[in-house]
Amino acid sequence: MSNTNANAGQPARLQLLRVLGPAHIWALGVGIVLVGEYMGWNFSVGKGGMIAGLVACWVAGLLYTCVAMIDSEVTSTVAAAGGQYAQAKHIVGPLMAFNVGLFLVMAYTMLEAGNAITIGFLLDTVAGLQGHSGLNQQPFIVLAIMFLAWLNYRGVLATLTFNLVITAIAFLAIITLFLVVQMGGSAVPLDFSAVTTDPMPYGWVGIIAALHFGLWFYLGIEGTCQAAEEVRSPARSLPYGTMAGIMTLLIAATMTWYVCSGLIPWEYLGQAGTPLFDAARVTGNSSLMVLLFVGTMFSTLASANGCINDASRAWFSMGRDRYLPIWFGAVHPVYRTPYRSIVFLVPIALIFALGAPLDQVVTFSILSGLLGYTFMTFNMVMFRNKWPLGSIKRGYVHPFHPLPTIVLLLLCGTAYFAVFLGYGTQLIAMTGFYIVASLWFHFRRYRYVRRGDQFTMPWPRPEGY
Amino acid sequence: MAYKPPKQSLGGQIFDVLTLLVLTVGALYIPLYLGLAGAAKTPAPIENPTWEALGQNANEQAQWAALGYTDPAAVNDMITARFDYSFSWSALIIMAVLVIGYFILVVRLSDKEYRDVIEERFGPKEE
Amino acid sequence: MDTWNILEYAAWALSALFAILMLSDMARIDTTYDNDLLTSSREGEIEAEAERHVI
């Protein structure tokens with residue numbers, strides 16, 4: 001164990017399997033996020049009205065375009081499982097990396113729990129429509145998590161191919177709904193009169209407040225870089241898959257807003273559990289209802305699936321570096337997956353899926369994501385300062401630097417304020433948690449970490465160090 | 001000379017994981033138990049609700065009907081419920097200080113650790 | 001006892017099945033292979049293959 005450098009004659013190392021192409025990256029990114037179109041985003045309409053929902057959709061879209069650009073540049077250079085975690089380790093430092101690793105695990109595990117809760121809720125709704133009241137949701141929540149964990153355990157290629165199929169179906173369901181409604185296939189006409197008669201029920205503050213859930217349209221797209229060690233050519237596939245993903249999502253988000261706002265009174269939309277399914281109910285077309293039910297199920301499964309994939313990669317990477325016990329850094333000798341991390345995170349997801357209300361879980365996920373985006377801003381600046389263009393080989397260089405960074409920082413600040421309106425306590429509890437965890441890491445856990453070995457990229461010495 | 005970390009016992013590893021778990025679960029459940037979590041809308045129902053008084057036009061009434069609501073009284077609360085966005089500036093400032101302070105703390109401590117990493121990886125700094 | 005009740009029991013049973021499959025495989029792997037081999041993965045092997053740095 002003492003010699004960590006591979007030399008000739010040493011036994012072969014176990015590595016994650018390099019089998020993924022750009023389509024899998026697209027499926028991982030969009031798969032995690034598309035569920036946001038099927039549930040959750042509409043709370044932004046509740047927080048600020050219909051116009052606020054649309055503004056939030058596009059402003060959050062801008063925020064995530066910045067995220068995707070910045071992330072693509074760094075990730076195409078730091079290609080390692082753990083994504084932003086490995087970036088932080090090389091660019092900012094170990095403690096930041098530990099925090100980013102926790103952001104990732106928390107954001108994805110909470111999102112996974114939220115998805116499982118939604119599956120239970122949707123099945124309960126359908127059972128109710130069929131005259132069976134009081135369905136016990138727990139077995140379905142547990143089954144969803146267990147099945148997807150098992151799929152992840154068995155190998156990444158099957159997992160993400162499965163994701164590709166169900167994500168594509170869920171995306172096509174949105175397009176179909178849009179086209180049918182647009183061609184007059186709805187029993188009830190589109191009505192946007194609330195946009196003119198009651199444009200901003202809360203005034204401007206409502207528009208800012210709406211941004212909180214506007215993030216939900218895209219949350220998780222940055223997860224694409226978790227797959228860096230499993231992609232055949234990361235420098236090309238990761239930027240390509242991520243950019244294609246954000247474009248897909250911008251289209252889907254705008255269509256979703258249009259159909260839902262036109263078909264559902266905003267007062268109802270603002271608190272609906274499954275808005276796209278409700279829009280299909282309003283059209284009165286039963287095949288659309290079935291399609292959107294399938295779409296909702298598939299998008300939640302795809303999302304939970306991607307979350308298990310990403311959270312376990314982050315946890316695994318931290319174990320490998322001894323930020324967490326090395327026990328978690330194990331790779332399955334046959335399936336080549338981080339199997340111990342996958343199994344370990346199952347009960348954690350279950351604790352939250354079975355014990356906490358949906359909006360709390362969602363807010364925790366959003367907050368962890370938001371802290372991660374804030375990190376990306378100074379990470380990017382430090383990356384360009386420590387290794388200026390030309391000093392190392394970058395797979396992709398994003399244009400207009402530092403404009404995207406500045407825009408991202410401003411939007412993050414606004415989003416913190418939006419979360420503060422209504423969920424300030426959670427924000428404080430969450431920050432408190434990360435502060436305590438940071439002190440614990442710096443003063444206790446870091447003793448067990450090898451110093452120089454953490455820097456694994458074949459780069460020159462950073463400037464100024 | 002490279003830093004040699006001590007070998008951690010199995011008990012220590014389990015203890016470390018449990019510490020993190022307790023912290024995580026605590027951060028989620030403490031606000032819930034204290035009843036501080038979540039923002040609720042307050043409904044302001046109106047007297048003798050009709051669709052017109054609630055500001056719903058003919059199309060919107062058809063939409064409500066499709067969603068299963070034919071009686072305006074049933075949606076009176078839903079339509080009139082609003083969030084309360086009044087907030088205290090002191091709470092906002094506490095939050096801002098906490099978040100910014102957190103990032104400063106993490107970046108500074110990280111930088112200290114990072115210098116060790118770079119020195120061990122690339123050798124002592126050349127002046 | 002209607003279809004949904006049966007589905008509830010089926011869901012419990014399947015959950016247990018997947019859990020047992022995972023746990024038994026994990027127990028088998030952990031006892032068959034040496035732990036040092038299982039945790040032998042290193043970050044950044046791709047780059048290292050192309051351009052090895054001597055430390």
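**Note on a predicted assembly of chains A, B and C**

1. Confidence in chain B. This is a predicted model, and the mean pLDDT of chain B is 86, with 94% of its residues at 70 or more. Within chain B, helix α4 (residues 89-122) has the highest confidence, a mean of 93, whereas helix α1 (residues 10-33) has the lowest, a mean of 84.

2. UniProt, in an unreviewed entry, lists residues 12-34 and 87-107 of chain B as "transmembrane region". In the model, residues 12-34 of chain B are 96% helix and 0% strand, and the end C-alpha atoms of this span are 32 Å apart. For residues 87-107 of chain B the corresponding values are 90% helix, 0% strand and 30 Å between the end C-alpha atoms.

3. The unreviewed UniProt entry carries the annotation "domain: Amino acid permease/ SLC12A" over residues 35-430 of chain A. The model gives this span 74% helix and 0% strand, and places its end C-alpha atoms 24 Å apart.

4. Contact between chains A and B. Here 69 residues of chain A meet 58 residues of chain B. On the side of chain A that touches chain B, at least two residues each come from α5 (94-129), α9 (204-214), α11 (266-269), α12 (275-283), α14 (339-355), α15 (358-386) and α16 (403-443) of chain A. The largest share belongs to α16(A), which supplies 21 residues. Sorted by class, this side of chain A holds 41 nonpolar, 16 polar and 12 charged residues.

5. Chain C. The model has 3 helices and 0 strands in chain C, in the order α-α-α from the N terminus. Of its 55 residues, 15% count as buried. An unreviewed UniProt entry assigns "transmembrane region" to residues 6-23 of chain C; in the model this span is 100% helix and 0% strand, with its end C-alpha atoms 26 Å apart.

6. Contact between chains A and C. This contact involves 36 residues of chain A and 30 residues of chain C. On the side of chain A that touches chain C, two or more residues are given by each of α6 (138-154), α13 (286-320) and α14 of chain A. Helix α6(A) gives the most, with 9 residues. The classes on this side of chain A are 25 nonpolar, 9 polar and 2 charged residues.

7. Helix α13(A). This helix has 35 residues and extends 51 Å from its first C-alpha to its last, close to the 51 Å expected at 1.5 Å a residue. Helix α13(A) is mostly covered, with 30 of its 35 residues buried. Just after α13(A), Arg322(A) adopts a positive phi of about 65°.

8. Nonpolar core. The largest nonpolar core comprises 201 residues, and those with the most contacts inside it are Ala60(A), Ala144(A), Ile145(A), Ala149(A) and Leu177(A). Helix α5(A) supplies the largest share of this core, 21 residues. Leaving aside residues up to four places away in sequence, Ile145(A) touches Ala116(A), Ala304(A), Val346(A), Ala349(A), Leu350(A) and Ala353(A).

How values were computed
Residues are numbered from 1 along each chain as its sequence is written. Chains are lettered from A and ligands numbered from 1 in the order in which they are written. This is a predicted model: local features need pLDDT of at least 70, side-chain atom pairs count only at pLDDT 80 or more; totals for chains, interfaces and linings use all residues. pLDDT is the predictor's confidence in each residue, from 0 to 100. Helices (H or I, at least four residues) and strands (E, at least two) are DSSP runs, numbered from the N terminus. Two residues are in contact if their C-beta atoms, placed from the backbone, lie within 7 Å. Ala, Val, Leu, Ile, Met, Phe, Trp, Tyr, Cys and Pro count as nonpolar, Asp, Glu, Lys and Arg as charged, and the others, Gly among them, as polar. UniProt positions are given in the numbering used here, feature names are shortened, and annotations may be inferred rather than shown by experiment. A residue is buried if 20 or more other C-beta atoms lie within 10 Å of its own, exposed if 12 or fewer, and partly exposed in between; C-beta atoms are placed from the backbone. The expected span of a helix is 1.5 Å times one less than its number of residues. A nonpolar core is a set of buried Ala, Val, Leu, Ile, Met, Phe, Trp, Tyr and Cys residues joined through C-beta atoms within 7 Å.
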